[in-house]
Amino acid sequence: MDSDPRDKTVNPGPSTIFFSYARDDQARALPIIRLIEQAGFSVWWDGLLEGGERFSRTTEDALDRARAVVVLWSKTSAQSHWVHDEATRGRDRRVLVPLSLDGSSPPLGFGQFQVIDLSKSKMNANDVGIARMVRAIAAMHGDQSGRVLPRPVPSAPGIDRRTMIGAGSVALLAIGGYATWRAGFFGNNKIANRLAVLPFDNIGGDPSHQYVSEGLANTIRATLSQNGALQVIGQASSEVFVRGKDDAVAFAKKLGVGLLIDGAVQIVANRLSVNISVIDGSTGVSRASRTFDQSMGDILAVQREIGRAIAAELSNRIGSAGAARMLIGGTNNVVAFDHYLRGKDLYAHAGNEAEERQGVAQFDAAIATDPQFALAYAGRANALASVAASYGSATEIKAYNGAAIESARRAIDLTPRLADAHSALALILFQGQFDAKSARAPFDLSRELGDGDAPVLARFAAFCASTGRHDEALPAINRAVLLDPLNALIYRILGTVHFAAKRYPEAITAIQEALELSPNLPDTHSRIGMVLLAQNKNRDALAAFQADTHKWSKMAGVAIAQHRLGDRASAQSAMTELSNDTDTVSFYQQGQVWAQWGKPGEAMVALQRARVQRDAGLIAGRYDPMLAPLRARPDFIELLKSMGFD
């Protein structure tokens, strides 16, 4: 029968073993999995179980395809309903290979199978129990002779593995099998050059280690994205994945990728264990997995080798263009790297001013530890600019932006081809200093260097839209969407690009997509409202503004729409609420209202105050249709010129 795996070819092929175990037994299960793989078999396993299967559909598929279901019984797994279900499937299909991790007997219903006792196993290829396990698995593949089925490990292009070992690579081989993994992680699988690095799981359970898991994933993602032959999905889209809920195949399809790279990180007593899994996006099946166990002091070696190995193996498919790249701007100092990871985590997830400032402090600590750490300077520049934009007074904004510019320039001095540093410098010059002319060169260079970085591309596109370079804005933002297809902010910038070019229907479609991805994203309904106002669809615009939670944009839009609709009382009420808000800088929005109310003098006063207060809304002044009544005024023309606009 076709459903009986034993009737198929002896060659095991990929993912022919389903390995079932309890999560609490993971540390002791991993050596067994490695031994099975070393014997020539490919193993499907899920090292990230926590209260339920991670990919229910792909688990079903893997169980159905498995030619052997290896179950690791223990006192813990005997209590797991997941392990019970998987063992039942193996039993019913007559492909069950039961093991005992701690000498305990299997639960009721499985006593008729002879269990291979590994409780006293030395966990090496010469162990009697391991040999019995391998023979049992081989028999499930049609080999009744008891011999181990060999599987050649392909070498990376241009690398002689014997030469590597002879040249002193024994140390690498000792560190969790690096060289073996590098030489044959993907085997002969044909995968697309478009991939996503999922957020790594912090399986140790200590929330204080979460920044390490996320930092390793982000660093590996950044390393791979520097390779122009690859399309690496951006951080925001990758992190949409919900562990224990999302299906691998559906998520890969949503991203349009052929490969998912996942990881699990555990830190115990200053020991770092990182497991990397390569998942086929078309099937959801893990094609291979390896674990690296080292001290925290070797974290840099771990993250670098993972990135190099993945890129090196991808080069099997895409040629020399896929060769491994080093992450530029990094550090060799573990302490500095730890501060950097903490800073990146705070910058990405800060929910208040204190956390934003803590992020700056972590970047400062990284720089103090390694003054040559370019990425830390770039991170500091972004963090300072964020503090300035969100929390700084007029005096603080100037000081913070000055410090941010200094940090960005230092990063560029250290690593001239660091795209994020050029992008950070350009953004601060443009939004923080209102100097579009000075911002142009670093923006252009960031575009050249950052073709694989979605946020860099999006910043460049927004700048081009603001300065009238529409032919350059659209290709850049379209590529950003390609690289980060689930990032609501990038779709919102796509809407801005269309809005600036007066492609109003396209602008609304893009902004609606942003809301589909993030329904509560502030200052997004109001952008639809502004597009509708530009088309004189005032009642629809009013409804859009009223749906927003961003006070400045909402009140300005309501004031304009109600005024156009003839409800002057409601318009005045909205304007009063906007102008009485002394806790925020809303002078740009006030200028929009005055301009639309036919009071250009008041509008210019508000816009000049926005200039003094560094209100970032002014960067839209060149294309904003709400300011159309001011375009011929000499003082408005002079205002734009003072900001570097042509």
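Biologist: Which residues of β6 are buried on each side?
Modeller: This is a predicted model, so keep that in mind throughout. On one side of β6, R194 and A196 are buried.

Biologist: What about β6 and β9, parallel or antiparallel?
Modeller: Parallel, with three bridges. β6 runs over residues 194–197. L195 turns up here as well: L259 in β9 is opposite it.

Biologist: Stay with β9. How many of its residues are buried?
Modeller: Eight of the ten. The strand spans residues 259–268, and with that count it is largely enclosed by the rest of the structure.

Biologist: How many bridges does β7 make with β9?
Modeller: Two, in the parallel sense. β7 is residues 201–202. D201 has A264 in β9 as its bridge partner.

Biologist: And β10? In which sense does that pair with β9?
Modeller: Antiparallel, over ten bridges. β10 takes in residues 271–280. Within that pairing, I267 stands opposite L272.

Biologist: How many residues sit between β9 and β10 in the hairpin?
Modeller: Two. One detail in the turn: A269 has a positive phi of about 50°.

Biologist: OK, rings now. How many aromatic pairs are there?
Modeller: The structure holds 13. One of them is F18 with W44, a stacked pair. Their centres are 5.0 Å apart, with 10° between the planes.

Biologist: Where in the chain do F18 and W44 sit?
Modeller: F18 is in strand β1, residues 17–20. W44 is in strand β2, residues 43–44. They are 26 residues apart, and the pair links distant parts of the chain.

Biologist: Why does F18 count as buried?
Modeller: Because its relative accessibility is 1%, and buried means under 20%. W44 counts as buried too, at 5%.

Biologist: Next pair. Why is Y340 with F373 called tilted?
Modeller: Because their planes are at 50°, and tilted falls between the under 30 degrees of stacked and the over 60 of edge-to-face. The ring centres are 5.1 Å apart.

Biologist: Which parts does that pair tie together?
Modeller: Y340 lies in helix α12, residues 334–349. F373 is in the loop between α13 and α14. Those parts are 33 residues apart in sequence, so the pair ties them together.

Biologist: Buried or exposed, Y340 and F373?
Modeller: Both are buried. They also belong to a cluster: ring pairs link F337, Y340, F363 and F373.

Biologist: Last topic, the helices. At what angle do α12 and α13 pack?
Modeller: About 160°, with the axes 8 Å apart. The two helices are therefore roughly antiparallel. α12 passes α13 in a left-handed crossing.

Biologist: Which residues meet across α12 and α13?
Modeller: From α12, the contacts include V335, A336, H339, Y340 and Y347. From α13, they include E355, Q358, F363, A366 and T369.

Terms used:
Residues are numbered from 1 along each chain as its sequence is written. This is a predicted model: local features need pLDDT of at least 70, side-chain atom pairs count only at pLDDT 80 or more; totals for chains, interfaces and linings use all residues. Side-chain values use heavy atoms; hydrogens and water are left out. Rings of Phe, Tyr and Trp (its six-membered ring) pair if their centres lie within 6.5 Å; planes under 30 degrees apart count as stacked, over 60 as edge-to-face and the rest as tilted. Helices (H or I, at least four residues) and strands (E, at least two) are DSSP runs, numbered from the N terminus. Buried means under 20% relative accessible area, exposed over 50%, partly exposed in between (1.4 Å probe, protein chains only). Two strands pair if DSSP finds at least two bridges between them. Axes are lines fitted to C-alpha atoms, for helices over the stretch in contact, and angles run from 0 to 180 degrees between N-to-C directions. Angles under 35 degrees count as roughly parallel, over 145 as roughly antiparallel, 65 to 115 as roughly perpendicular and the rest as oblique. A crossing is left-handed if the near helix is turned anticlockwise from the far one by less than a right angle, and right-handed if clockwise. Contact means heavy atoms within 4.5 Å.
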